Amino acid sequence: MNAVRIFVLCLCAAMSATANQVQWTFDAPLGNVDSSPSVVDINADGRDEVIATTVGGCVIALDSAGSLLWQTNLRVPFSISPTTLDLVEGPEPEVLVLNQTGTLYCLSSIDGAQIWSYDLPADIEWGTTAIAVADVNQDGALDIVTGTRQGHVVCLSAEGVEQWTYKGEHGFTLCPAIGPVGNASEPSIIISGTTIPVLCLDGHGKEVWRLDAAGRGASPIIADINQDGANEILTGWDNALIAVDATGKLLWQYDLPKEIDSSICVGDADEDGLLEIYVIDLSGRLAAVAPDGTELWQANVLQRVRRSPAIVDIDGDDSLEVVVGGYSGRLHLFTPKGELKEELTMRSTTNGSPTVTDFDGDGTPYLVYVMCSGETAAYKWPNAKPGAKCVWAEYRFDAARTATYRSAADQSKVRIRSADFGALYAGPNSFSVEIENPDGAPLRIEMSVEKSGQEARVLISESSEKSFAVESPYTLPTKQPTEIVLQCRVHEGTIVAARRAQKVYVVPFIKELAAFHNLLNEAESLARRLPQPYAFLGRLAALRDLLPGYEARAAVAGTLSDVEARELRDALRSGLEEIERTRVLLEHACEAHTEGKWPLRLVRANPWAPFGGFDELIEGRLNDGALRIEAFRGETEHAALNVFNLDMPHLEARVEIDPLVPREAQRESRPARGVIKLHEVVSVATQTLDMSADVLPVMNSGYVVQLPGWHARQLWFALDSSALAPGAWGTTVHVRTLEVESRSFAVPLDITVWATAAPDRPALRHCNWGYVY
């Protein structure tokens, strides 16, 4: 059966959620998803993707819009959640999946291709274990830990080679937890079984201790529940939640009606500085427990729940919610005090954790919910906020399934705000990233460029700035195709706090020609929206006539001489730059025409910056706010106004300034003439044989400015503050075209004169200044 992607615009009548909560749904091929999904940014674009397994033996990958990226049919059922993370150095993470017969697969997260497989010494019990990944033996390489129904605990290398196997008499091996316990720095492996509540292994598979008691455990988690700097262990013991210290000593026990599966999580949901422990048993009892084992509150979620809740501000109200899904077929949202805040009737039950993910790349929470009916759905609450608080996002806490809790303060806040991999054109390019480091942590940034047949070139830099950019230039050949891998890794201590990567196969000049076509089409479309586009259309047509020649030369790029290849490269880049400038200019003109601010656009300018003409419009150096002048009493100060003519005809316009009106009612207004003198910026030739917009002659007595078609002028306003009383003044500058049917454009001018007077004699008696180009 083909996978079908379904976008849902409204919920069915049975659902109580608002219509825009459901972002998409996906019907899984080959059976339903009966485990928690994995959410991770597999292509390093800053947005999470979804990896899930089905009971029909299929592994699927979905993008942030719910579209199928790939599927791999491995034929044997899956009931264990996938684990997705970067096992080995490379541009993308790997996917680990474990089927019912005990075969562990490592797949590429890009296309689902098998990298390796390993057969465990026995099969597994349905849904009971997990694949946890950590550097258990502290050798600098990640290890994979999982278990079987015969009591095996198996540790593999990232390449799928067995490191060790532990065979215990603990029944089924439940989900392992990996992390330091007590005050130790090295990790331990905590195992619960169906006949022994909990035991501890070291990183080499040797048993350190076990709780000397018989009974069924639950999938354990590791957390410093009393915040004394030493991690404790939380697990089950038959119909109870228990806490155990680093030596295996029982600290306390909290009784429940039924057993616990893998539904324990922790977090400071009420933000009082103390952790709460959340647990749900197989009767549907949800309990919040204090660090000392006393009950805070309890609630009924109607049916059994096997997987842990999420703890997140899902609805944007700045308060965390405890989100529970299970066999009731409902999604429950509780406040930190245990009040039922919202209850959604879902289309089916779930055997997975509600999973929080980031599909927008800005920290806005989405909820992925897998259903026993076969659907996977993504929800977003209408008021969800970017950067939302989240203390427990997914099954077993993190992508590595280690089940070791880390508070927000202990987690890295470093992120890559944006990544630009460059145009990927033949010749020089640049790969750049912008990095946010709110805590000012010392970071090491690796920018690597690897081309086919060549060793990777790595640029390493360090920074502890809170916001900074890193750039790495690279060059693509002009004569032969190449595969290039661009990668940025941001290291904070021993962890990779953020990464971006792109892998692409580049044929010389193909991307340039495609961009040439597309930009020409966009520019022509924009030009036709304007009343008199003929000059633009003519120039664009001339550029289009060049394309057949460019395409013919690009088709035989491998036979071109070095000089011919450079000429083609330069011609394409020059043409692309011209078309892009034209497109941006036309875009501004069309926007102004639509908004009725056409053909003249008035933009506040910096009077002390060189006037750039239309470059300022094209480069986005725009400020549509009021002109402002602040001056001491007796001082002359300035403001500047750029006037852009966004049409073909030459225009003449008169500049008029309304009387200056005081903000204090008891004062009289003043005529602008005599207080404000108007200048026009004029470009003149320099000794270095270029032009500089640096001359400021006083405007003519009529204040008439000449505005050629598709040209810009800058006006200067020189205020003599000695003519005004201290305080706030306001006026409006009008630019009116001298036509039979005049068109008027206006911008406010705000003036503040400070009571403090400028000195009669300047402190500097002689000063030279100039621009630096």
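## Buried residues, cysteines and nonpolar cores

Glutamine 21 is buried, at 2% relative accessible area; buried means under 20% relative accessible area, exposed over 50% and partly exposed in between, with a 1.4 Å probe and protein chains only. The model is predicted, so local features need pLDDT of at least 70 and side-chain atom pairs count only at pLDDT 80 or more, while totals for chains, interfaces and linings use all residues. Residues are numbered from 1 along each chain as its sequence is written, and side-chain values use heavy atoms, with hydrogens and water left out.

The side chain of glutamine 21 forms a polar contact of 3.4 Å with that of glutamate 342. A polar contact is a pair of N or O atoms within 3.5 Å; within protein, one must be able to donate a hydrogen and the other to accept it, and residues adjacent in sequence count only if both atoms are side-chain atoms.

There are zero disulfides in the structure, a disulfide being a pair of cysteine sulfur atoms within 2.5 Å. For cysteine 58, the closest cysteine sulfur is that of cysteine 106, 17 Å away, which is too far for a bond.

| Residue | Relative accessibility |
|---|---|
| Cysteine 58 | 0% |
| Cysteine 488 | 0% |

The largest nonpolar core has 50 residues, and Leu234, Leu241, Trp252 and Ile277 have the most contacts inside it. A second, separate core has 44 residues, including Ala565, Leu576, Cys590 and Trp716. A nonpolar core is a set of buried Ala, Val, Leu, Ile, Met, Phe, Trp, Tyr and Cys residues joined through side-chain atoms within 4.5 Å.
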